[in-house]
Amino acid sequence: MTISHSNSSRAHSVFSRVAASVVAALLAGCDTDTMLRVEDPVNATPGSLDNPAALPIVVAGALGDFQVAYSGSGDDSYLVMVALFSDEFHSSDTFLTRTATDQRAQFPTAQGNTSDATFNRLQAARRSLRDASEAVARFASASDARFGRLRALEGFTYTALGEAFCSAIPFSDGAGGVPRSAGPPISTAQVFDQAVERFDEALAASENTHLASIGKARALQNNARFQEAAAAVRDVPTEFAYFIEHSANTIRQHNPIFSLQSNGRYSLSDREGGNGLDFRSAADPRVPWKQDPVGGFDRSIDLYVSLRYPGFGSRVPLATGVEARLIEAEAALRAGDVATWLAKLNELRANVRPLMTAHFDRYADAVPLSHPNASLAPLSDPGDAAARVDLMFRERGFWLFNTGHRLGDLRRLVRQYGRQAVQVFPVGSYHKGGQYGTDTSFPIPFAESNNPHFSHSSCDPASP
Amino acid sequence: MMRALWLLALAGQLAGSLPLIAQERGAITGAVVDHTTQAPLRGVQVVVVGTTLGGLTNQHGRFSIPNVPVGVQRVRASTIGYSQNEQEIVVQPGAAVQIAFELRQTAVELDGIVVNAVTGQAERRRELGTNTGTISAAEIDKAPITKLADVLTARTAGVTLQSASGTVGAAQRIRIRGANSLSLSNEPLVYVDGVQFSGAGGGLAVGGQNFSRLNDLNPEDIENIEILKGPAASALYGTAAANGVILITTRRGRTGNASWRFYTERGAVQDRNAYPSTYLSYQINDSTKPLFTSGGVLNAAGYTPCTNEAAARGSCRQDGVASLDPLRHSELSPFSTGHRQRVGVSVNGGSDGITYYMSADWEDDAGVIHFNTQERINLRANLTARLRDNATMQVTSGYTSSTLATISNDNSALGPLINGLLMAPYVPTDADIAASQPGSRPSYGFGYSLDDIGNNRTHQEVDRVTVGTMLSYSPFTWLTTNANTGLDFFNRFDHHTVQPGRIPLGAAWTPGRRTGIRAANYIHTGGLTGVATAKLHAALVSTSTLGTSYNRQQFRNTRCHGVGIVEGTASCSAASSLFEVEEQFTEVITIGAFARQQFALHDRVFLAGSIRGDDNSAFGEDFGLIYYPSASLSWVVSEEPFFPATGLLSNLRLRSSFGTSGLRPNFRDAVTLLESTAVRQGDQELSAVRLRSVGNTNLKPERTREHEIGGDVGMFENRVSLDVTYYQKLSRDALIRRQIAPSFGLTGDVNTTGVIFDNLGQIRNSGMELGLNTRLIEQPMLGLNVRLTASTLSNRIVEMGEGIEPIVFNRGQQRHQQGYPAAAFFQRSYTYHDADGDGKLTRDEVMLTSDTAVYIGASLPTNSQSLTADLRIMKNLTVSALLERRAGHKQLNSTEEFRCRTGFNRGDGNRGNCAGVADPNASLEEQARFVAARFHGTTAGFIEDADFIKWREVSVTAQASDRLATLYPALRGMSLTVSGRNLATWTRYSGMDPEINETGSQQFVLGGDFLQNEFNTQPPVRTLLVRVGYAF
């Protein structure tokens, strides 16, 4: 007996009905969570760390973000960009964006610049430090020492942004890893005011915060509030230092100066662009260096290596008593007290070895006692105001070499001392061809175009 | 709940399988031959119309279909390249009815078979409303295939294969009908015998290229390839199929005695590319001095460098020029003749109960840079067992073992090309080399000679197993249920060791270093399908399909790295410093259910509709299911009674289809993630976290909807066929990597932060495809077939999302911008005028003509053509050739830009060593593009037309003739093939090759799927092979 078409059709009809039912059931929606649950043993979520037990991890994360932003992670960072853009380093690399930064002729923002990462990381550290300090306040207390430290470091992110970027810096709210509200740009002076607020919050939370005191003084100094700055650091001992720690453990923790000089990307400058300081030829014990026989990465430029950071794990002093004394000295100079100014400078110079040894790893290897230039002679008053300013900034340049201060100093010379940019920044023929440009600060990255309150036309990198 | 649905679906199928009525059965047996030659035809599908019963012919052309209901049955024989044939017979109870078919060859492809990898259902092309690309075994067998990419290149309209590099093992890009996604992969989905097959790249960085797993598949094992070009055809494949689907079927056993095939091939691999010379022009101050110092530096005591631009300004005098073609220089060239060899054997055969196909293949490649080698072993065993008259089980399995050694190129200071192309025009002497160290070799760009570079080899070892099972059970003649499972697994071990002192590139290299990556990738495929067929009317056949599918992809990766290894060791555990360990893990699961209904009227009008619903673990938690509908109409007009069949117009089919499919987001794109890290505080390493990615809980897949309309025409008694197709795809909800303004503080120190994926965009691709297949000459002594394919592509970003700025990448030179093609080139434009007519341009004679970047051109080809010709002389000699043209797109010549701006002519302020800088005879155009880049900041002059014509392939095959075989019986079944690949390129592009790109098929850098520039990338090589085959 054969199956009839009608039977086949009937069975087919049954099948079709079942099919329709199943798909209809699916289309009606169902809970597939169980079947779709996947593992992720590698990553955490903000929610999983929102508890007291996770606080040390959150705080450590914020400290790590600050290290990456300010000092670096084996690559370009605030510390490195400031050195490259100013007269501390010059490019011995083949990367055109690094050359453009060194030459102070940065690319149009859409093309991207090396300094973009600096902006991104400083902003990320700012957000991360704020999240962490609020977690400390929530799960411990606002008087917890960690709160003050985190707020102070948050202040340093403002200070670094203000010193390096153009005078139209936006700040937006990304608390908790969620983009909440976009903010408008504020001027350089307003950025330093914001920094001072953070340092004051840190000081209010904890008494013994030399870090915050120095940070506050640096921000005040940037806004030409010299006497207030000096007052802020009055109690900071000269031997004090707050270090950004590095480690050879992971690439993210590498000291960037050592890492980038090790493979020849940047070379220590000497009178760069005519106006630069004589970092090499001065044979100053504060800037120890050596020549690398292999040469720069581009195989065209001689490579001079700074010995301040001799390894992947070398610490970077963020704020020191030396800087406190220099702030006091400058305040004295502004107040017309030349004797105090000179005394402050010479007090530091007289202690160059213990201070450098305390503030820089393996300094004794770089400048042994037997070194012919192991000490510094005392300074004498050069006699006129302009020369005193030159000397003041020269001393800052050598003491604070490779600590992220130099660009802020050059811009202050223009803003606060009436110098022209062409008198303080490297100018003239550039060593890789062409001329130095006119930029005196970094532009805001192109991605900030996605902030509806920001326009790139408000940011002029050629304005100090 | 979903589990319940699975059970429900299964129950539905089982319920349908319960016997409703007793049946009596008979069998059909027979043979199929070529009408002209009477030669038996292998692989012809013979089916009982209106049922799911059928089978394939063996190498003797014979077939057998048991369990056929008694009564009048219509039996159809069809295969690719032949017109189908139907006959009506009467099946008697318990008896076997004999039937014979003679099929006529045709240029019109209506009756080739496409097996749906999701449903397991075989469909004839005439049933499909889409233009499905087909590459048959005959096409593959024409010439030795070095890798799977060779098979896919230029065979099908709308399918673009881009070989990114001439490096052995390097991956390629596959694009079908343009690019749908700005943020996800644009690579198609690949199935091998119904098992999803990973084509993932990955491994250790070697400057730019990566290495595709797609080429693990042995081309010798391929029976045919079907290419579903877009959602109109691939909707049933769901949330991964928007880029099209490549269905690969491997060879199967045929009933009969064992049939053996041996082959061996051997050949040479050559670099035949032209490379730019390096130049240094100079002023002579003291000609008694040697031009160069021993270090390859222009001797400042007697000479001053003088570029064209400096000479034009009058600041120096060009008294001489030195030049060198380092990559062609006999003492400096890194290239030598490589080799390739391959040996393989396969056997197939079997009985009515079980058939088998087994193969073994060994291949060994050595590239033109002799450190670059690959050895691969492939094994395959495919079994088909008839468990019962109404149940078959098919098991396919493949194993690959591969060992690749490669070196850096592209963007690496340790690449042989960059070290050559940046050389000063000075040939270092043996004494120079002996007196120098790696990294400071005289003249070499970055100071590394080829011997130095050999100390920086990277190795990749892969073991891969792909296994699939398909259980097919037909409880009734009208119902078949299929259950398929599959696993594609590979274990990859990448390792890189530099012994101490070999590469003195800073503190992280000089002490020696070791990196090891062990990765495991799993793809699980599964599905249950029921296919019911019914004759609703004498002329109307209904086919209903219901099924579920499951897909799970898991990737695990562990990396170790360390510096300071002990001489002679190669282990992370031997490293003394900078030790790092890193783990990665991703897992994505897709579950889906689908239903499809097709009606066939008179076997010439086919109307089908389907819907698939998917859920996926990568969707945002606030997003539920997604549905992919499709519909298809195919009408073989020429088989209608009213059609005035003539010799001139012998065949006509009209088709149209519509479909939607998707692309899922990547693993955990929907979730804000924190990544573990270490932070040093107080001389302790603390556990910490950093922001890894910002999630979007509303994330959903990209949906691509495609409309396709076209027709197939057979003319001159089907000696000429023409297929024309127009398609239009619109990808909605396209994932945009929306840059978060960095001022939010969410842009960190890894690439994935600072962006949030949002379903904001729309991308449109549209174009025409044409295939012209002609049998121009068909004589016993001479045959000539010519096939032409052509396609156009219009790709546009229709919508980027409100307030979203263009996404800029490739060093600022490419961007995704609304209203323009994806990844279009943008730069400021310029012009030049040699005002003083001195043949040299100053920086003032080159002027910007736009203040902002303007559109320069597309990076994807906008039209492509290919030409295949097969010439047969007598019965035994065949000559085949393949040419391809691509046009309408641009390529960035970063190699030349870098040479102009950064070449290493020491002592020269500009230091460029390209012709535009330092060859006094350089054209104004060459000079202008350098001046514009160096002094005006625009690289527009290096973004060049990349149109090309390539002679891809030629082969000559001689089969042992019957006469020869009679005289020398041992020669029967023997063939000899001589072939060449990549034989010539015609292009105006001035770089090394218009097709190569710096980043290969990498996708994990911004714009990585679209980067279109060469940067010291190794261009394609020429392969010449001789192959001997022996079949009996």
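The legends below describe views of a predicted model.

**View 1. Chain A as a whole, with its 18 helices and 9 strands.** The C-alpha trace of chain A spans about 120 × 55 × 45 Å along its principal axes.

**View 2. The packing of helix 7 and helix 8 of chain A.** Two packed helices are described by the angle between their axes and the distance between the axes. Here helix 7 (residues 145–164) and helix 8 (residues 188–205) pack at an angle of about 170°, with their axes 8 Å apart. Because angles over 145 degrees count as roughly antiparallel, helix 7 and helix 8 of chain A are described in that way, and their crossing is left-handed.

**View 3. The residues that meet between helix 7 and helix 8 of chain A.** The contact includes A:Phe147, A:Arg151, A:Phe156 and A:Tyr158 from helix 7, and A:Val191, A:Phe192, A:Arg198 and A:Phe199 from helix 8. The residues of this contact divide into 10 nonpolar, 6 polar and 5 charged.

**View 4. Helix 9 of chain A, residues 210–222.** Helix 9 has 13 residues and reaches 18 Å from its first C-alpha to its last, which is close to the 18 Å expected at 1.5 Å a residue. Since 12 of these 13 residues are buried, helix 9 is largely enclosed by the rest of the structure; the buried residues include A:His210, A:Leu211, A:Arg218 and A:Asn222. Just after helix 9, A:Ala224 takes a positive phi of about 65°.

Definitions and conventions. Residues numbered from 1 in each chain as written. Chains lettered and ligands numbered in written order. Predicted model: local features only at pLDDT ≥ 70, side-chain atom pairs only at ≥ 80, totals over all residues. Heavy atoms only, no water. Axes fitted to C-alpha atoms, helices over the stretch in contact; angles between N-to-C directions. Helix = DSSP H or I, 4+ residues; strand = E, 2+ residues; numbered from the N terminus. Parallel < 35°, antiparallel > 145°, perpendicular 65-115°, else oblique. Left-handed = near helix turned anticlockwise from the far one by under 90°. Contact = heavy atoms within 4.5 Å. Nonpolar A, V, L, I, M, F, W, Y, C, P; charged D, E, K, R; others polar. Expected span 1.5 Å × (residues − 1). Buried < 20%, exposed > 50% of the residue type's maximum accessible area, 1.4 Å probe, protein only.
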